[in-house]
Amino acid sequence: MPAFFLGCDSMEWISITGWALSLIGTCVAIYQIHKTKKISAAARDASLLTSTTLQRNLAILSMSSCVSEIEEIKALIRGARYESALIRVSDLIGKLAQFKTMPKASNISEIPSMQEIFVQLSILRERLELKLHKPNSSLNAPDVNRALSAAADAIHEWIGLHKFLENGVSNDK
Amino acid sequence: MLASRTSEGSVNWKATIADNEFVVLFQNFSLSIRAEAENWEPTSYRLTLRNGLGKEIDELYVGSGAELYETVHDLYSSARRKALHIDEALQLILGELKSADLVGLDEPPLENKIPLEPFDDDIPF
């Protein structure tokens, strides 16, 4: 044992022990702070991932309902039920406008042909309104349904792109 | 400028759900041209500017006596030709007519046949 320790009295021993213990305590505290920071960052990442996944799933659900509405509009136009079709078209434009203007998470992209869909639906709404006022005005059901089918296809394609989890993301996360 | 670019065939006009209206899409805006003819009156044209959400933001009506009438009439014809791919169709027909083979099919190709049974998917409300 070194000569320094041999010459220490009990008070000095207590002081040395206290110093050693406080050093260990500081190390433990630093370790715990570091661990907590890591856990907090992981929790923040998990929360962000959950929130973006939820937003994406809600967007998919909303777009699926738009496709159903498009199919209903096609059936209504085939059956010459223009007033019901007009209500559905206005509702559909509103839903799509909500989707377009909502702030989106980075994993949600725009529908590429959205602008064309808006134009076609706006023209359809005008034509349906005209049809209600002037029943003799022309509305070509096959042309309308062809354009609506193209819109539904574009939305289906978008749903397909967003339906599956990104690479490296599992359901556990 | 739009009229000259359209007559050159360098504007991507598209068909719409209405057979007398054609549209060209720009960044965040769209411009459509519509021909209107009622009760044997001369055809008039309506140009409509829409925003990215399809909302109409401006409109120009060009009647038969208007100064711009001839220009807009030509614009409509060129836009229609481009949107419906009429020039391509005429080129194909011309190609068939120039060939030595018998011109004209006995019956339409399979994909153009109309189904005999009507669809029965009308919704009950």
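View 1. Val23(B) stands opposite Ser32(B), a residue of β3(B). The model shown is predicted, so that local features need pLDDT of at least 70 and side-chain atom pairs count only at pLDDT 80 or more, while totals for chains, interfaces and linings use all residues. Residues are numbered from 1 along each chain as its sequence is written, and chains are lettered from A in the order in which they are written. Strand β3 of chain B covers residues 29-36 and runs antiparallel to β2(B), to which 6 bridges join it; strands are DSSP runs (E, at least two residues), helices are DSSP runs (H or I, at least four), both numbered from the N terminus, and two strands pair if DSSP finds at least two bridges between them. The two strands β2(B) and β3(B) form a hairpin with 2 residues between them, and Asn28(B) in the turn has a positive phi of about 70 degrees.

**View 2. The pairing of β1(B) with β2(B).** Strand β1 (residues 14-15) and strand β2 (residues 21-26) of chain B pair in the antiparallel sense over 2 bridges, with Ala15(B) opposite Phe22(B) of β2(B). The hairpin that joins β1(B) to β2(B) passes through 5 residues.

**View 3. The contact between chain A and chain B.** Chain A gives 21 residues to the contact and chain B gives 16 residues, where two residues are in contact if their C-beta atoms, placed from the backbone, lie within 7 Å. On the side of chain A that touches chain B, α2 (10-78), α3 (82-101), α4 (114-133) and α5 (141-162) each supply at least two residues, and the largest share, 10 residues, comes from α4(A).
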